[in-house]
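Reader: I am new to this structure and would like to learn how its features are read. Could you take me through a few of them slowly?

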Amino acid sequence: MEKVFVFDHPLIQHKISLLRDKNTSTKEFRELVSEISMLMGYEVTRSMPLKEVEIETPVAVAKTKVISGKKLGIVPILRAGLGMVDGMLNLVPMAKVGHIGLYRDPETLEPVEYYCKLPVDAAEREIVVLDPMLATGGSASAAIQFIKDRGVTSIKLMCLIAAKVGIARINRDHPDVEIYCAAVDEQLNDHGYIVPGLGDAGDRLFGTK
Ligand code: PRP
Ligand code: URA
């Protein structure tokens, strides 16, 4: 049984349907990825700890709450994860952004690393890894391992569409990492694409095909 949080909010589900449509333009696709990321980010950040403070209103002193505890870092997996950054930054503008460059070798489907730059204080942050697609899970698993190797202990994975096999892979390799997604698809095709999925997320975001 896979361990995953699936967002069933009607707005998210509606936008995921538009995203899957092969007739959705690059411009619309980019906007939708950003909008869905913001809606999902709202829930993903729900567990951020609060502390009580006193604030002087024009009328009296209010006992009220502000975010405390670990600060947030977001780490998109290049390329397609870049499309999710703006949505998250709209919610948490002070979050630091790291980048991990990985591509899947088309023959072996194994992830190949070409870039990794994380915030210097990553180990003190709660890190949310962003990638629209979780297919075999190889890319996300490798990215999470890079982040753990830098001493980070609090990691979440936020994707848009996840294949069951990818979820199982992350659950197995990184049982401490919570996965958030908007849809779970049953299978992969012979090229490792999620079926029905939405195609190649990077190409659809950047118009490269
Ligand atoms: C896609 C996607 C994930 C990966 C998922 O990236 O954005 O990073 O594939 O597949 P996996 O779960 O089987 O590893 P891709 O390799 O196409 O690179 P791109 O974003 O540069 O197009
Ligand atoms: N990467 C994508 O962009 N799409 C898939 O369906 C699988 C991996």
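**Ligands and a helix pair**

Author: In this predicted model, a backbone N or O atom of Ala80 lies 3.2 Å from an oxygen atom of ligand 1, and such a polar contact is a pair of N or O atoms within 3.5 Å. Residues are numbered from 1 along each chain as its sequence is written, and ligands from 1 in the order in which they are written. Local features need pLDDT of at least 70, and side-chain atom pairs count only at pLDDT 80 or more, with side-chain values using heavy atoms and leaving out hydrogens and water.

Reader: Which other residues have a polar atom at a stated distance from an oxygen atom of ligand 1?

Author: A polar side-chain atom of Asp131 lies 2.5 Å from an oxygen atom of ligand 1, while for Ala135 a polar backbone atom is 2.9 Å from an oxygen atom of this ligand.

Reader: Which atom of ligand 2 does Gly199 approach through its backbone?

Author: A nitrogen atom of ligand 2 lies 2.8 Å from a backbone N or O atom of Gly199, whereas a polar backbone atom of Ile194 is 2.8 Å from an oxygen atom of ligand 2.

Reader: How are two packed helices described?

Author: They are described by the angle between their axes and the distance between the axes. Here α4 (residues 138-149) and α5 (residues 164-173) pack at about 25°, with axes 9 Å apart, the axes being lines fitted to C-alpha atoms over the stretch in contact, with angles from 0 to 180 degrees between N-to-C directions. Helices α4 and α5 are therefore roughly parallel to each other, a term for angles under 35 degrees.

Definitions and conventions:
Helix = DSSP H or I, 4+ residues; strand = E, 2+ residues; numbered from the N terminus. Parallel < 35°, antiparallel > 145°, perpendicular 65-115°, else oblique. Polar contact = N/O pair within 3.5 Å; in protein donor to acceptor, adjacent residues only side chain to side chain.
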